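Hello,

Please find below the structure you asked to look at. My notes follow it.

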Amino acid sequence: MRKLALFLLVLCFGSADHALANEKATAIVNAAINGFIRSAYSGFANSAGALDDAMDALCVEPSSEKLEAARQAFKGATEAWSYAEIIRFGPVTEENRLERLLFWPDRKGIGLKQVQATLANKDAAAADPEQLAEKSVAVQGFGALEFVLFGTDSDALAAAGDPYRCRYGAAIAANIAGIAGDLDAEWAVPDGFAKKWANPGPSNPLYQSGTESVTELLEVFVNGLELVRDVRLNAFLGHAAGQDKPKQAIYWRSEGTARSLGANIAGMKALFDASGLGNDLPPDLRWIAESIGFEFSNAVNATKGAEGPIDAVLADETKRGKLVYFAIVTSSLSDLFGKRLSEAYGLTAGFSSLDGD
């Protein structure tokens, strides 16, 4: 069953003609697909492949240099995924791909316990990519690999001190690379999901009107901003410094929290620019698109000022202030997308797909 729509729309694009609305929607969606989505998934597939290679190299010839290379490849892959992961519909929702790539948040540490148990028991099945893919989503994605590469006793990987740990990490990397390759391929298929999204109509089982197609695109921004601010940022940033929870931050072990948040926002900005959503606004409302671009830049710059170990960032008043400012800017963006832009196109806000409804 499709998600409850974020917007209940009456979309007009300057004309009351339904066919013209569908034609315009097709142009916007195609621009989003060809200008951002396909390249984002392709970039993720390349980074995941590099991570797979780096883990294999580490296991074949363990060394401090190979471990550092694997850790850097992990950081590159998570950043590439953060850039693409704002697209949370379509092929990524099939076969539990979204959860298999990143099981997060793990507030009760259930996933961590499973990863630690896998390492302690030296589960042979978990060290095989094909069998790993059938296991719990918590032990086969970025969260699990982060613990393998950066968690307790991970330095043993540099000296062949824990060969099972390396084999398990290599299996995770291969699993991630496999999923990334599948996503890249499915978005590239000429008659696949992309064609259905970009060609709404009465016979289309997924999108029967241009309104529905563009709704899906708008959901990326409104739900994406909610995910980044309310789920990711607020998981660790308290109302006051004494209420912060650094170990609840995504990618805290690999010092990738701010980079991930920044890549999420950079992905949204690139998608907005590529789609041309702001191009059809009348002259007196073009300030909305300009404000969106301005605030996206502010949000990305804020995350750059908060990079590094998240506990140290939160302990630094200036750097922590960047994250507080990030929260303010993303709230402004939520208003610009959920209210200003939607009103400009005659939209009515509905429900978020992140609220469990």
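**What was found**

This is a predicted model, so please read everything below with that in mind.

Overall form first. The chain holds 13 helices and two strands. Its radius of gyration is 21 Å, close to the 21 Å that the globule rule gives for 357 residues, so the chain is as compact as a globular protein of that length. Along the principal axes, the C-alpha trace spans about 70 × 50 × 35 Å. Of the 357 residues, 52% are buried. The chain exposes about 15,500 Å², and carbon and sulfur atoms supply 52% of that area. Taking contacts between residues at least 6 apart in sequence, 77% join residues at least 24 apart.

The largest nonpolar core has 105 residues, and Trp81 and Tyr168 have the most contacts inside it. Helix H1 (residues 18–60) gives the most to this core, with 16 residues.

Two single residues can be looked at in more detail. Met268 sits in helix H10 (residues 257–275). Is Met268 buried or exposed? Its relative accessibility is 0%; buried means under 20%, so Met268 counts as buried. Not counting residues up to four places away in sequence, Met268 touches Ile86, Val220, Phe221, Gly224, Leu225, Val228 and Phe296. The C-alpha atoms of Met268 and Ser82 are separated by 10 Å, although these residues are 186 residues apart along the chain.

Asn298 belongs to helix H11 (residues 286–304). With a relative accessibility of 14%, Asn298 also counts as buried. Its side chain makes a polar contact with the side chain of Glu295, at 2.9 Å. Beyond its neighbours within four places in sequence, Asn298 is in contact with Tyr325 and Val329.

Last, the charged pairs. How many salt bridges does a search of the whole structure find? The search finds 16. One of them joins the side chains of Lys122 and Asp162, at 3.8 Å from N to O. This pair links distant parts of the chain, 40 residues apart: Lys122 is in the loop between helix H4 (110–121) and helix H5 (129–132), and Asp162 is in the loop between helix H6 (142–150) and helix H7 (163–188).

Another salt bridge is formed by Asp230 and Arg229, whose closest N and O atoms are 3.0 Å apart. Here Asp230 is partly exposed, with a relative accessible area of 36%, and Arg229 is buried, with 11%. In the salt bridge between Arg340 and Asp335, the closest N and O atoms are 3.4 Å apart. Arg340 is partly exposed at 33%, and Asp335 is partly exposed at 32%. There is also a network of salt bridges, which links Glu94, Glu95, Arg97 and Glu186.

Regards

Technical notes
Residues are numbered from 1 along each chain as its sequence is written. This is a predicted model: local features need pLDDT of at least 70, side-chain atom pairs count only at pLDDT 80 or more; totals for chains, interfaces and linings use all residues. Side-chain values use heavy atoms; hydrogens and water are left out. A salt bridge is a side-chain nitrogen of Lys or Arg within 4 Å of a carboxyl oxygen of Asp or Glu. Helices (H or I, at least four residues) and strands (E, at least two) are DSSP runs, numbered from the N terminus. Buried means under 20% relative accessible area, exposed over 50%, partly exposed in between (1.4 Å probe, protein chains only). Contact means heavy atoms within 4.5 Å. A polar contact is a pair of N or O atoms within 3.5 Å; within protein, one must be able to donate a hydrogen and the other to accept it, and residues adjacent in sequence count only if both atoms are side-chain atoms. A nonpolar core is a set of buried Ala, Val, Leu, Ile, Met, Phe, Trp, Tyr and Cys residues joined through side-chain atoms within 4.5 Å. The radius of gyration is taken over C-alpha atoms; the globule rule is 2.2 Å times the number of residues to the power 0.38. Accessible areas come from the Shrake-Rupley method with a 1.4 Å probe; for residues, only the protein chains shown count as cover.
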